[in-house]
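Here are my notes on the model you sent over. Have the structure open while you read, and go through the points in order.

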Amino acid sequence: MKETINCDRLGRRLTVLLHGRCRKSSWEVFDVELDNISEGGCCVAGGPDQFQSGQLLSLRFANLRNIDADVRWVRDGKVGIEFRVPLKRGVIAELKRAYGIAVGVPGSRRPALFTNR
């Protein structure tokens, strides 16, 4: 998915492979894999049956403290998460450096360093 001019996201999505922990309650904590992230949210790959739209949860990944978030959508084996407080651009830059995935550019023999969706 490409960024559009009328996109309601706070920032462009960065393709990553990032392990995290999700907390839905004090007794329900489980592992998740993030496949993209932006200042305003992220996408969790897999495990859609563990989430419901509108659900409040807390995520922990990389070296960040717990991030309160809401489930915005669940479809196609993925879950859209919106952070209650956006991440700072410097945090996104650090995540890009540490966890960004090199993805090939269509029609090119050279890979792009990173993709921002």
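What share of the contacts in the protein between residues at least 6 apart in sequence join residues at least 24 apart?

1. The share is 48%, with contact meaning heavy atoms within 4.5 Å. Some ground rules before going on. This is a predicted model, in which local features need pLDDT of at least 70 and side-chain atom pairs count only at pLDDT 80 or more, while totals for chains, interfaces and linings use all residues. Residues are numbered from 1 along each chain as its sequence is written, and side-chain values use heavy atoms, with hydrogens and water left out.

2. Now the layout. The protein has 1 helix and 8 strands, and from the N terminus the order is β-β-β-β-β-β-α-β-β. Helices (H or I, at least four residues) and strands (E, at least two) are DSSP runs, numbered from the N terminus.

3. On burial: 36% of the 117 residues are buried. Buried is under 20% relative accessible area, exposed is over 50%, and partly exposed is in between (1.4 Å probe, protein chains only). The accessible surface comes to about 7600 Å², and 50% of that belongs to carbon and sulfur atoms; the areas come from the Shrake-Rupley method with a 1.4 Å probe, and for residues only the protein chains shown count as cover.

4. Look at the largest nonpolar core next. It has 24 residues, and those touching the most other members are Ile 37, Phe 51, Leu 59, Phe 61, Ile 81, Phe 83 and Leu 87. Elements giving two or more residues to this core include strand E1 (14-25), strand E2 (28-37) and helix H1 (89-99). A nonpolar core here is a set of buried Ala, Val, Leu, Ile, Met, Phe, Trp, Tyr and Cys residues joined through side-chain atoms within 4.5 Å.

5. Leu 87 is worth a click. Leaving out residues up to four places away in sequence, Leu 87 touches Ile 37, Ser 38, Glu 39, Phe 61, Leu 64, Ile 67, Ile 92 and Leu 95.

6. Strand E6 has partners in E3 and E5. E3 and E6 run antiparallel and are joined by 5 bridges, with Cys 42 opposite Ile 81. E5 and E6 also run antiparallel, with 6 bridges between them, and Asp 70 has Glu 82 in E6 as its bridge partner. Strands pair if DSSP finds at least two bridges between them.

7. The hairpin of E5 and E6 has 2 residues between the strands, and Asp 76 there takes a positive phi near 50°. Asp 76 counts as exposed because its relative accessible area is 73%. Ala 62, in the loop between E4 and E5, also has a positive phi near 50° in a residue other than glycine; at 33% relative accessibility, Ala 62 is partly exposed.

8. Finally, the rings. There are 2 aromatic pairs, and one of them is Phe 30 with Phe 51, edge-to-face at 5.6 Å centre to centre and 65° between the planes. Phe 30 is in strand E2 and Phe 51 in the loop between E3 and E4, so this pair ties together parts 21 residues apart in sequence. Rings of Phe, Tyr and Trp (its six-membered ring) pair if their centres lie within 6.5 Å; planes under 30 degrees apart are stacked, over 60 edge-to-face, and the rest tilted.
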